[in-house]
Amino acid sequence: MAGMPASGSTADRLRAVIDSAIANHEAVAVQVLFGREGNTAFFETRGTRVPNGLPVDRETMFCIGSCSKPIAATALLRLVYQGVLQLHRPVDK
């Protein structure tokens, strides 16, 4: 297990969910990271890589496929909220 220190019941509950998902074969490997304003508040890795069985660590790369679309949309909407971008302005502007 690799991770950043995190305290409190939220981090403990999240660790329990991760451990349960691995134990119940709902997930083979997991990386979870969250933070705020550039600071990492929580980072945990669990499970093993397929097919070699090596443990997941901070350097493990996962193919996230179509998950990148909602991530990009969230980033763009945050920029709109911050006033950096205008949602209805043409892209070339």
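## Basis

The model is predicted: local features need pLDDT of at least 70 and side-chain atom pairs count only at pLDDT 80 or more, while totals for chains, interfaces and linings use all residues. Residues are numbered from 1 along each chain as its sequence is written, and side-chain values use heavy atoms, with hydrogens and water left out.

## Helices

Helices (DSSP runs of H or I, at least four residues) and strands (runs of E, at least two) are numbered from the N terminus. Helix H1 covers residues 9–23 and contains Arg15. Arg15 is buried because its relative accessible area is 17%, where buried means under 20%, exposed over 50% and partly exposed in between (1.4 Å probe, protein chains only). Its side chain makes a polar contact with the side chain of Asp12 at 3.3 Å. Such a contact is a pair of N or O atoms within 3.5 Å; within protein, one must be able to donate a hydrogen and the other to accept it, and residues adjacent in sequence count only if both atoms are side-chain atoms.

Helix H2 (residues 68–81) has 14 residues and should span 20 Å at 1.5 Å a residue, which agrees with the 20 Å between its end C-alpha atoms. The expected span is 1.5 Å times one less than the number of residues.

## Strand pair and loops

Strands S2 (residues 29–36) and S3 (residues 39–47) run antiparallel and are joined by eight bridges; two strands pair if DSSP finds at least two bridges between them. Arg36 has Asn39 in S3 as its bridge partner. Two residues separate the strands of this hairpin, where Glu37 takes a positive phi near 55 degrees.

His25, in the loop between H1 and S2, also has a positive phi, near 60 degrees. His25 counts as exposed because its relative accessibility is 72%. In the loop between S3 and H2 lies Pro51, which is joined to Val50 by a cis peptide bond with omega of about 10 degrees.

With a relative accessible area of 58%, Gly83 is exposed. Its C-alpha atom is 33 Å from that of Met61, 22 residues apart in sequence.
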